Amino acid sequence: MRALVIVGMLAVIALVFVVVAVVRDTQSNAGAAEGCPADWPRADVTLRDHKDVKIRVFNGTDRPGLASSVGDDFRNRDFQVEKEANEKKQIDEVAVLRYGPKGVGSAHLLRAYFLGNAELEYDAKRPDDVVDVVLGNEFQQLATTTEVNQSIGDLGAPVAPPGSCPMPVDN
């Protein structure tokens, strides 16, 4: 009889803990930009499909035609390549991705094509969803589909850059 009383009390205590945890849950509005300053931009952290990503490709090296060939490679992978041109100054890195709040998810996807080695340059005042891809001297080639998928897994989900909040998600 004593064992039943103890088990019953433990069950009641466990039930109280569960109810308190559910009532005090602070993650119920996660990702809804609650508590975000009104003047901060809302970053679109949705991981985009290739066909929905708009890019401009710039050659930041002394290799002629690099922007054009990489632009063609991105087109073959169903990206929307809007422009190919030369960058004014040379870039030493693998690549630099320049984007604004509407391009956060797109830049995250593109970063996987450089196996996470692309530098990110976020501009909070940039109004469009286009990502500038500036190829640097360390660039060799874009990752394969398998490498991209593994890199996306390694990079995790896109996050809002400092000074911005995630855009509310429609459920």
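Biologist: By class, how many nonpolar, polar and charged residues are in the lining of the largest pocket?

Modeller: This is a predicted model. The lining of the largest pocket has 10 nonpolar, 1 polar and 1 charged residues. Among them are Y99, L120, P158 and V159.

Biologist: How is such a space found, and what volume lies in the largest pocket here?

Modeller: Rolling a probe the size of a water molecule over the atoms shows where empty space is left. In this model, about 170 Å³ lies in the largest pocket.

Biologist: Which helix gives the most to that lining?

Modeller: Helix α3, residues 104–112, with 4 residues. The lining includes V104, A107, H108 and R111.

Biologist: How do α3 and α4 pack?

Modeller: Two packed helices are described by the angle between their axes and the distance between those axes. For α3 and α4 (residues 145–155), the angle is about 125 degrees, and the axes lie 8 Å apart. The two helices are therefore oblique to each other. Their crossing is right-handed.

Biologist: Which residues meet there?

Modeller: From α3, H108, L109, R111 and A112. From α4, V148, S151, I152 and L155. By class, this contact has 5 nonpolar, 2 polar and 1 charged residues. H108, R111 and L155 also line the largest pocket.

Definitions and conventions: Residues are numbered from 1 along each chain as its sequence is written. This is a predicted model: local features need pLDDT of at least 70, side-chain atom pairs count only at pLDDT 80 or more; totals for chains, interfaces and linings use all residues. Side-chain values use heavy atoms; hydrogens and water are left out. On a 1 Å grid over the protein atoms alone, a cavity is a set of points where a 1.4 Å probe fits but cannot get out, and a pocket is an open set with protein on both sides within 12 Å along at least five of seven lines; lining residues have an atom within 4 Å of a point. Grid points are joined across faces, edges and corners, and a volume is the space filled by probe spheres set on the points. Ala, Val, Leu, Ile, Met, Phe, Trp, Tyr, Cys and Pro count as nonpolar, Asp, Glu, Lys and Arg as charged, and the others, Gly among them, as polar. Axes are lines fitted to C-alpha atoms, for helices over the stretch in contact, and angles run from 0 to 180 degrees between N-to-C directions. Angles under 35 degrees count as roughly parallel, over 145 as roughly antiparallel, 65 to 115 as roughly perpendicular and the rest as oblique. A crossing is left-handed if the near helix is turned anticlockwise from the far one by less than a right angle, and right-handed if clockwise. Contact means heavy atoms within 4.5 Å.
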